[in-house]
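Here is a briefing on how the chains of one model meet. Keep the structure open while you read.

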4 protein chains.
Amino acid sequence: MRKLRMGMVGGGKGSFIGDVHRKAASIDGMIELVCGAFSSTPEKSIQSGKELYLPQNRCYGTFEEMIKKEKELPEEERMDFVSIVTPNYMHFAPAKMALENGFHVVCDKPVTLTLEEAGELQKTVEKTGLIFALTHNYTGYPMVKQAKAMVKNGDIGNIRKIQVQYLQGWLATAVEKTGQKQASWRVDPKRSGIGGALGDIGTHAENLTEYISGLKIKELAADLGQFGEGRTLDDDGNVLLRMENGAKGTLSFSQIATGEENNLAIRIYGEKGSLEWHQENPNELITRWLDQPKKVFTPNGNNLYPEAASASRIPSGHPEGYLEAFATIYKNFALHLMANLNGVNIENIEYPSIDDGVRGMKFIYATVESNKNNSQWTKI
Amino acid sequence: MRKLRMGMVGGGKGSFIGDVHRKAASIDGMIELVCGAFSSTPEKSIQSGKELYLPQNRCYGTFEEMIKKEKELPEEERMDFVSIVTPNYMHFAPAKMALENGFHVVCDKPVTLTLEEAGELQKTVEKTGLIFALTHNYTGYPMVKQAKAMVKNGDIGNIRKIQVQYLQGWLATAVEKTGQKQASWRVDPKRSGIGGALGDIGTHAENLTEYISGLKIKELAADLGQFGEGRTLDDDGNVLLRMENGAKGTLSFSQIATGEENNLAIRIYGEKGSLEWHQENPNELITRWLDQPKKVFTPNGNNLYPEAASASRIPSGHPEGYLEAFATIYKNFALHLMANLNGVNIENIEYPSIDDGVRGMKFIYATVESNKNNSQWTKI
Amino acid sequence: MRKLRMGMVGGGKGSFIGDVHRKAASIDGMIELVCGAFSSTPEKSIQSGKELYLPQNRCYGTFEEMIKKEKELPEEERMDFVSIVTPNYMHFAPAKMALENGFHVVCDKPVTLTLEEAGELQKTVEKTGLIFALTHNYTGYPMVKQAKAMVKNGDIGNIRKIQVQYLQGWLATAVEKTGQKQASWRVDPKRSGIGGALGDIGTHAENLTEYISGLKIKELAADLGQFGEGRTLDDDGNVLLRMENGAKGTLSFSQIATGEENNLAIRIYGEKGSLEWHQENPNELITRWLDQPKKVFTPNGNNLYPEAASASRIPSGHPEGYLEAFATIYKNFALHLMANLNGVNIENIEYPSIDDGVRGMKFIYATVESNKNNSQWTKI
Amino acid sequence: MRKLRMGMVGGGKGSFIGDVHRKAASIDGMIELVCGAFSSTPEKSIQSGKELYLPQNRCYGTFEEMIKKEKELPEEERMDFVSIVTPNYMHFAPAKMALENGFHVVCDKPVTLTLEEAGELQKTVEKTGLIFALTHNYTGYPMVKQAKAMVKNGDIGNIRKIQVQYLQGWLATAVEKTGQKQASWRVDPKRSGIGGALGDIGTHAENLTEYISGLKIKELAADLGQFGEGRTLDDDGNVLLRMENGAKGTLSFSQIATGEENNLAIRIYGEKGSLEWHQENPNELITRWLDQPKKVFTPNGNNLYPEAASASRIPSGHPEGYLEAFATIYKNFALHLMANLNGVNIENIEYPSIDDGVRGMKFIYATVESNKNNSQWTKI
């Protein structure tokens, strides 16, 4: 076998998430970056590629060029898959074109700019039968996998209450007016879509909730905020949840929560026990019980389910972080793709899919609609 | 000067909150228990009083008897005030009678069974000019006072987002069917009123929110849960908040949050900074800032406002707890009453009042109404 | 039965520990302060007593006068016991005189100024058969009692390693030169004895270690520090421990640990599990295991031993603090004394005794001796 | 420029630290693994290399073969440096041979089996002028770098007290008798040297102490433990420290601290402030002050020194862990080597060196000697 070959769309100099994708893809030694359309001009793309030690001829000016040229390369040289790390409005076109030209895809979230695009992309994935992974990276944490496994195995019983939050403070001031690149596209509906913080981080909260609980959100009642002067997209939101099984909950997100860094956290209460997890301290899963003391699980620690134990790379007490969780998405995608290339069937390989992407878009749309109707309950 | 003399209504053997009131009243050495109508029968009341080292003749069978008999005692012997620690339905009558007979009152919350009663009691307090304190005890914590002072002094700027929760798990199973005394009256509308967990702990969350933020809740959208089989009152609730200044937030409470002990917590986000406080770890106030590292304030620690510093009894690092916070309500009530008895004017003595009680009842009513209307926004 | 009557030696205006003793003695409603020799002059003593609502004739100028006069009072009026809250050099004389005149004693630690005095006091206690309690207050915390019970019941197996620390920072600067009363006597060998921080807080660490582990320190190797300019007593110390069963450990204390408030903490490692407790967060006992996840016990929480469960006054999640732990020493002393007055035998009532006091003095002497001999191993 | 080419000695299947080195080397995209002598037989080495997607001809049976064959390869193909990830007894020979054949070296710690070897290796490094990095990986954490910078800039003032610990529990039972590979060589003096836990983790504690404080340990008094039945090397140790500036402290390490995972922690007290850091929660640096509240610094958070800020790869709140810290050693080594290859002078590139290695060996020797002399103070 050989390493998988990755081509990247976006992720040029100054990109935050592009660098994250590259580091995540490289940790497990299964993937190598071979080409990219990193920036909006060929010059910038070449410059970015040079800093990544890529040959100039594999640095393309556009994703169209990349897909076309790579397809013409001999099979043993050309990229296997495309990693799309551009702002939201630039997900759909490269993803669709890649798939239609036989390349597998890893794509950042939210999956597309509109729900319509998401539906079309879903059909393309189904039609081509290629592998598509969405980087809802927080599901890669070992303790998130332990939480999911505990719910699935009935440890905490039927779920009654869920509280999830994703709080950041970096848009508390008008940083988008200072030319900050990360901020400027996120507050722009043309590049972000109809959700602001909602799409950027609210979807992570939604995805995490459904991932761990194994339950779908049935309906929601949302109150969005626009606190930053002149913003046309939400930068804050509070949402009531009703889950398909009758559980109730709250989902709150914000990018104006001053001083918060990346505070994604969830608590899930079942009839027999409850779970609590904090992304900023990801190596603890706090569990509480009807008749036992609080128990705290740790990666590679005692009494884990196999799904969680296998998601750790190093012994207990050696903290794993954001990049490792992100890498687990890439790792599982790579395992699936390698098996695929080898003609091997593989089971129980898990990573967020195009269906998660469509689900996230539906969540965005339902939230915006509920908010327009003064927080009326709205089905997803 | 002398110690103040307290008579108690309720709080007989097996009472949780009666014992708390007695301990809280005694810590600062300003109050002595002199009499009580502790239970529903004279025999039980005498038995309870005996265990409290009271003479038999000061242990009464009913609050009516107590108030009447104490009034007949010489001024230098009779009780100064009544402390009411009964279930909700037994607050109004003794409070009103005590006031009308010239006795000051400390009363547990929620202040009455109905909003109507609360309004009438408010008038009685105003008419008699006597002192009335409501034991929203969580406002007695030094770090809660520091939080309030920081908001008031503009440290965190204009408030934009609030998240408050009060989570317990002790009603996760049907303990009311086991004869557990604390549970049985709390799930009974006749003794609790129209709110279950809502009245019992939701009002604490509401009071804490308005106390620290200095802002009124303008309107709310509520979704109540009844998870315990056969319950007719809520045992869980999730509420969206809109504050008078435009801030938004969530308020969540539950008594079916399995494994939670007494998890009251609040986060308040302003334009310049934010505050976080947890009742189960009450000796830390976590603050976050636009441009400084996280700072953690502690009781009697560095850089406190006077309101917070004066609320501590012991040096920093010597933890103060629930009883001490509760005692601060009694202490401030006592300071006010002593000043009053001495004909001295006293300012800046702060404790929850009948107005907080009426406010709490309005919160209960608005929440129940919103819930009936499928979470429609409802003004308090 | 009636409340017990307490007379106090020391604890006048501005006293820290006197106020703590009074609050601690009053919380459980079993003890009332009836008299005191609060200060060094009758005038100051009367003034202090007045603020405590005591009649003038029970405020004495000296402990000798108090003991003599109280003894002449009718039995139903006079104090039952003396509480001694003076600096170390003023423990021995009032304790001895009280005992010899038939009064029981509660005394602050370290028990005396010298080891010789401690031995003599021990004989007096034995000779008189009266009750003597030493306020090693940290043993009163419910989670400390749970730790002791877990060790005793073999839960963590044979102990191999102990790490204990007591760190404060309040003497990091020369506060004794600013007239600070608490500091000035503590750095003065005439009033403190041969140990500075060693006697003041090191003894607490020693007592806590032997209390929880059930093991005696066999020998120690100590390195004391004098960091504050001009100090003649230690303000810092590091000690290697060898326990009687072969376990090893470290004991560290400091009053120049800048920024530390009252950081007493202990970790004990056995063959099967380990325990960790922090005084500044006293309502958690962290336990770790060979083959189970970390478990965190809480007061009145799940799975406690009776000794711990009975030491809590309020439901789980309602934090208890320093005063409550201190109060537990008084409570158990009071239970013992009441039983004694009623001619009842009582078992399993536990509080620190004169033997703990003598042990603490031996620890001080051994530590100072080891330090003089360049940290040579020295038997206690 | 191009990626640097790494050859590995050790790190075959089942290796813990080899995999860590490979992941750490790959994260930043500057290094590629090109060859290895992974195991003791050519077959195993080839098998390990195959799983790493290496061509068979670059998988060698011995390090001697690897160094010899690689040297014969054209310059544009052959490895640039050797990474040595074998047990302690196999560090010296490959390191020395690599250096003498013109290859730079990254080596795991402790640097060699004996102090003599360390001295000889130091001379070889000096003589060859090649780059040698020792993986004292904990110095790579951003918050460790912030701590060092705060000390260096005088923020906490002159240091008075240090407490450092490194506690693990994985040798609490006799796992070496179960065939556990990691355990078996660590308890074997032939492969580990004269220190057991002392060399394996005690040296990390020593290195971290001197790294952050900028102070050398002048002398120490040590008490080593051998708790595991039949062990001939220490599995536990407690050490008193005296630093060159007069500061005092304790250093404790253990591999029989039941339930501990990888609890490396340090507290440093200066005249103006103090620092606390825990490896298991590495993204917080807790600081305490004479006259300010506790402040908690975070990677890429507010108010960091440049040395700390530049050590983070991702925004604040996105946790970085053990692998990232380890990667920072490789990154700085790579930056230095790249500059070197480009003939560029580079300053302020920091990573542990051969001098740290020699220092660690001296620490091991002094500790063992002190222990033999019943904890007599011994100079390093």
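The model is predicted: local features need pLDDT of at least 70, side-chain atom pairs count only at pLDDT 80 or more, and totals for chains, interfaces and linings use all residues. Residues are numbered from 1 along each chain as its sequence is written, chains are lettered from A in the order in which they are written, and side-chain values use heavy atoms, with hydrogens and water left out.

**Chain B and chain A: symmetry and area**

- The superposition is by least squares on the C-alpha atoms of residues with pLDDT of at least 70 in both copies.
- The copies meet through the same surface, because 100% of the interface residues of chain B are also interface residues in chain A.
- Chain B gives 45 residues to the contact, and chain A gives 45 residues. Contact means heavy atoms within 4.5 Å.
- About 3,500 Å² is buried between chain B and chain A, 52% of it on carbon and sulfur atoms. Buried area is the accessible area (1.4 Å probe) that two parts lose on being put together, summed over both.
- Arg160(B), Lys161(B) and Thr258(B) supply 20% of the area that chain B buries here, more than any other three residues.

- Eight salt bridges cross the interface of chain B and chain A. A salt bridge is a side-chain nitrogen of Lys or Arg within 4 Å of a carboxyl oxygen of Asp or Glu.
- Arg288(B) forms a salt bridge with Glu260(A), with the closest N and O atoms 3.8 Å apart.
- Between chain B and chain A, 30 residue pairs are in polar contact, both residues at pLDDT 80 or more. A polar contact is a pair of N or O atoms within 3.5 Å; within protein, one must be able to donate a hydrogen and the other to accept it, and residues adjacent in sequence count only if both atoms are side-chain atoms.
- S8(B) gives the largest share of the side of chain B that touches chain A, seven residues. Strands (E, at least two residues) are DSSP runs, numbered from the N terminus.
- That side of chain B divides into 16 nonpolar, 18 polar and 11 charged residues. Ala, Val, Leu, Ile, Met, Phe, Trp, Tyr, Cys and Pro count as nonpolar, Asp, Glu, Lys and Arg as charged, and the others, Gly among them, as polar.

**Chain B and chain D: symmetry and area**

- A rotation of 180° with 0.0 Å of shift along its axis puts chain B on chain D, at an RMSD of 0.0 Å. That is the relation of a two-fold axis.
- Lys295(B) has the C-alpha nearest the axis in chain B, 2.2 Å from it.
- The contact takes 12 residues from chain B and 12 residues from chain D.
- Chain B and chain D bury about 980 Å² between them, 49% of it on carbon and sulfur atoms.

- S13(B) and S13(D) pair in the antiparallel sense over three bridges. Two strands pair if DSSP finds at least two bridges between them.
- Lys295(B) stands opposite Lys295(D) in S13(D).
- Two salt bridges cross the interface of chain B and chain D. Lys294(B) forms a salt bridge with Glu284(D), the closest N and O atoms being 3.5 Å apart.

Notes: Helix = DSSP H or I, 4+ residues; strand = E, 2+ residues; numbered from the N terminus.
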